[in-house]
Amino acid sequence: MSGLPVLSILILLPAAAAVAVPFLRSKDAVRWFTLLVLLADFLLAVGILAAFDPATAEMQFRETRVWVPALNMGYRLGIDGISVWFVLLTTLLGWICVLASWRAIAERVKEFMTCLLAIQAMMVGVFCALDLVLFYVLWEVMLVPMYLIIGIWGGGNRIYAAFKFFLYTLAGSLLFLVGLLALYFAGGRTFDMLALMAAEYPFRLQVWVFLAFLVAFAVKVPMVPVHTWLPDAHVQAPTAGSIILAGVLLKMGAYGFLRFSLPMLPDASQYLAPLMITLSAAAIVYGGLLALAQSDIKKLIAYSSVSHMGFVTLGLFTFEVNGMSGAVIQMFNHGITTGALFLFVGLIYERTHSREIAAYGGMIKAVPVFGILFAAFLLASMAVPGTNGFIGEILVLAGTFGVSGWAGTAGVLGALIGAAYLLGLYRQVLLGPVKVPAGTVMRDLRRRELACAAPLLLFVFWFGLYPKPFLTILQPSLDHLMTQLEPAEAGQ
């Protein structure tokens, strides 16, 4: 790949396809074209991962084109050992979303696939961007196709959910813009993110910018108390929308902490770490309790995301190697596992048009393949040893207990609550006498649906049993981040 602008290709391929889709004639042609484009994008991401040098923390595959020299603003791309995994995750879930929507989306197929292609281009661009303006534009504009996916193809209360999602995320992003401008003027009037990471800022400025960023990132994660948009968005979104929300968009907030708050504002990050740990512990326990109280499968999984993402922010602000490694692993693994759970809830809903837990029972007898695979993803979400959820959660807890005993205890309590609601869901839906909503005929998984589940299942057990490749690529970038977190003398 030497000399090729592979990151630009990765972004522009789905973007160009989004422009081409309206010119296709049939719905099947649109589906196949979108699937092939997103598969090609995924294979390119796999190639980038294979060519990635794990021995360095430097940004790789860099591209730089200055657009506005007077403002030092340009088209800057690059990935490190952290972002390369989220590029892979985004491209993996992209083509899975197409297969998951193959029959579920029967109206306005062109428009739907255009939105999927557009949002993938923007999400990959966010993970590759090394320019503040480019990052911010992509961060903001990707809200539009997500708003359309929820608002047009969602459930009965889709308009309310779409507006709530858009307003929450937009309000947070406005403070993000204020913080970016403050860094631009204080960091030497440049939008180059690497230059801004190397600059030093007064402590007071760091605190105010950190708080501005906190609002934007907390909404995206989402953290308590700005989490209320998430259950509405998930419940009303089509299956592909929920997969994108859980698998990628929730990671944008935590990724913002990794790319901005921690390396650029190290003194403020350390100073406000107790606040972040408190908010994270609250999200773990409160999100778990809310999940425990749900009667709707999709709402249960949505609230479980609040709890699981609490482990991510908890680990990030321990400033311990184990905690931070576990946080990044948990980000990736949550995208795999929770994306799979939303996929399976969508498959249930396609068959029965009900998401009420009480409407089901004994599904493992009626549809055994479905039941076994759903059980595997539930166990992964529960962080059972041998699955991908275990390694991230145990590292976060190990790092947390080294910093705060009470926060570690809250994490253990959250894990126990998680086991309670997930085992309860498993017992009600999969075990006992066979029970399905009246007037429905349960069919086991089709080949298309197995094709969606198979790669996710592979990651569940690959990272659960052999996480070394992930850690090998990740560690140099995390070590570099740890050095950036060392307090600057000028900030004291």
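**Notes on the predicted model**

1. Let's start with strand β2, residues 73–79, which is mostly covered, with 7 of its 7 residues buried. Buried here means under 20% relative accessible area, while exposed is over 50% and partly exposed lies in between (1.4 Å probe, protein chains only). Helices (H or I, at least four residues) and strands (E, at least two) are DSSP runs, numbered from the N terminus. One side of β2 carries M73, Y75, L77 and I79, the other G74, R76 and G78, and all of these are buried.

2. A word on the basis: this is a predicted model, in which local features need pLDDT of at least 70 and side-chain atom pairs count only at pLDDT 80 or more, while totals for chains, interfaces and linings use all residues. Residues are numbered from 1 along each chain as its sequence is written, and side-chain values use heavy atoms, with hydrogens and water left out.

3. Which strand pairs with β2 in the antiparallel sense? Strand β1 (residues 60–68) does, over 6 bridges; two strands pair if DSSP finds at least two bridges between them. T64 has R76 of β2 as its bridge partner. The two strands form a hairpin with 4 residues between them, and N72 in the turn has a positive phi of about 55°.

4. Now to F127, which sits in helix α4 (residues 109–128). F127 is buried, at a relative accessible area of 1%. Beyond its neighbours within four places in sequence, F127 is in contact (heavy atoms within 4.5 Å) with G78, I79, S83, F86, V87, T90, V248, M252 and Y255.

5. Helix α6 (residues 143–153) is worth a look too. Its buried residues are L143, P145, M146, I149, I150, G151 and W153. Among the elements that cover them are α4, α7 (158–186) and α11 (239–264).

6. Finally, take helices α13 (residues 273–292) and α19 (residues 405–430), whose axes come within 9 Å and cross at roughly 20°. Axes are lines fitted to C-alpha atoms, for helices over the stretch in contact, with angles from 0 to 180 degrees between N-to-C directions. The contact includes I277, A281 and I284 of α13 and W406, A410 and I417 of α19.
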